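I opened a new notebook page for this structure. My entries below follow the order in which I looked things up.

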Protein chains: 2
Amino acid sequence: MLASLTLPVSLPTPGGSVTLRRADTADLDALMRLLADDAVSASRGDRADESDVPAYRAGLVDTLADPSNDLVVAVGPDGAVLAMMQLTRIPGLARRGATRLLIEAVRVSSARRSSGIGAAMMRWCTDVAAPALGAGLVQLTSDEARTDAHRFYERLGFVGSHRGFKFAVGAPGSTR
Amino acid sequence: MLASLTLPVSLPTPGGSVTLRRADTADLDALMRLLADDAVSASRGDRADESDVPAYRAGLVDTLADPSNDLVVAVGPDGAVLAMMQLTRIPGLARRGATRLLIEAVRVSSARRSSGIGAAMMRWCTDVAAPALGAGLVQLTSDEARTDAHRFYERLGFVGSHRGFKFAVGAPGSTR
């Protein structure tokens, strides 16, 4: 977990407040369902299969135990998990020694998309989390297929200046 | 530093072997010059200004002290620093609990570009470092202006499937 982040915190959205808090292992089912509730993720194998529970649990435990990583969820008044994101603090040399905040795995429940929850989460990242972590740069990548998400990030002030490359280790398509 | 990486290691390149080793604070000058020896980096403020030494030193110390990060340099037989890259291990939930290896700040001395050093470093990342870190995915972003670099990564088996977004915290252009 990122110890310098103050959580939980209440975030206003047009549909009412949500609470941003750290995920814990009791959220595993909800997190797996959030990942599977997305066509792009599902196409990469995130299908909430029961047989994948140990792999997801190991990933969650590893993430929460890491002092440079955190997994944050937005929950409604009834405690339902509505959205998730992973945060990573990355120190570095480039850009005059800038520290970066990397955001990964942003997912909002399909029933609550376009309700302002994602925007409230991103604004908390840029305006609260990044300064708390000493980060001068917030960065993320988004699949080229997610054109709606690209417009969303641009509206929030992100600049799509980079191409994101992935290499699947050991995958048939990654042999040279 | 990433304790599970075995360094130093010798890498063959068409122009002779280079040694891949961890950077240390004695490399600070060479690292600042490598970053400035690149038009895109220089345009972002990496100009090897003497006044920026404290900021770069703090970034280097922070990176080397972090158990999820490492800064690696390729040196020639005479000990000259020819190239650099930063590695970050990122645990996570997406892609069935996959751990990622993120590569940042890949720079090769302008005098040694297209000599195979960068390719040897990337192959070491995908074939040696990623398995050692338990990473099923290697990822990086590259400025849209670096079209030669994009072809380079594609030749190595990387897929440019994503758009990379950046948000400069506190920058005039990032206010909403």
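**Entry 1: elements of chain A.** I listed the secondary structure and found six helices and seven strands in chain A. Read from the N terminus, the order is β-β-α-α-α-β-β-α-β-α-β-α-β. I note here that the model is predicted.

**Entry 2: overall form of chain A.** Along the principal axes, the C-alpha atoms occupy a box of roughly 45 × 45 × 35 Å. I then looked at burial: 55% of the 176 residues of chain A count as buried. For contacts between residues at least 6 apart in sequence, I noted that 57% join residues at least 24 apart.

**Entry 3: surface and charge of chain A.** The accessible surface of chain A is about 7100 Å², and carbon and sulfur atoms hold 53% of that. I counted 20 positive and 19 negative side chains in chain A, with the centres of the two sets 7 Å apart.

Entry 4: On the chain A side, Leu93(A), Phe165(A) and Lys166(A) supply 15% of the area buried against chain B, more than any other three residues.

**Entry 5: helix α1 in both chains.** I looked up the buried residues of helix α1 (residues 28–36) in chain A: they include Leu28(A), Ala30(A), Leu31(A), Met32(A), Leu34(A) and Leu35(A). Which elements do the buried residues of α1(A) pack against? In chain A they pack against α2 (39–43), α3 (53–65), β3 (69–75), β4 (81–90) and β5 (99–108), and in chain B against α4 (94–97). I repeated the search in chain B, where the buried residues of α1 are Leu28(B), Ala30(B), Leu31(B), Met32(B), Leu34(B) and Leu35(B). The partners of these residues are α4 (94–97) of chain A, together with α2, α3, β3, β4 and β5 of chain B.

**Entry 6: strand β5 of chain B.** I picked Thr99(B), which is in strand β5 (residues 99–108) of chain B. Is Thr99(B) buried or exposed? Its relative accessible area is 10%, so Thr99(B) is buried. Leaving aside residues up to four places away in sequence, Thr99(B) touches Asp62(A) of the other chain; its contacts in chain B include Arg89(B), Ile90(B), Pro91(B), Leu133(B) and Leu137(B).

**Entry 7: backbone angles.** Most residues other than glycine have a negative phi, and most peptide bonds are trans. Ala105(B) has a positive phi of about 55° and is not a glycine. Ala105(B) also belongs to strand β5 of chain B, and with 11% relative accessibility it counts as buried. Ser114(B), again not a glycine, has a positive phi of about 65°. Ser114(B) sits in the loop between β5 and α5 (117–133) of chain B and counts as exposed, at 84% relative accessibility.

**Entry 8: cis peptide bonds.** I found a cis peptide bond between Leu7(A) and Pro8(A), with omega about 0°. Pro8(A) lies in the segment before β1 (9–11) of chain A. In chain B, a cis peptide bond joins Leu7(B) and Pro8(B), with omega about 0°, and Pro8(B) lies in the segment before β1 (9–11) of that chain.

Definitions and conventions: Residues are numbered from 1 along each chain as its sequence is written. Chains are lettered from A and ligands numbered from 1 in the order in which they are written. This is a predicted model: local features need pLDDT of at least 70, side-chain atom pairs count only at pLDDT 80 or more; totals for chains, interfaces and linings use all residues. Side-chain values use heavy atoms; hydrogens and water are left out. Helices (H or I, at least four residues) and strands (E, at least two) are DSSP runs, numbered from the N terminus. Buried means under 20% relative accessible area, exposed over 50%, partly exposed in between (1.4 Å probe, protein chains only). Contact means heavy atoms within 4.5 Å. Accessible areas come from the Shrake-Rupley method with a 1.4 Å probe; for residues, only the protein chains shown count as cover. Lys and Arg count as positive and Asp and Glu as negative; His and the chain ends are not counted. The place of a charge is taken as NZ of Lys, CZ of Arg, CG of Asp or CD of Glu. Buried area is the accessible area (1.4 Å probe) that two parts lose on being put together, summed over both.
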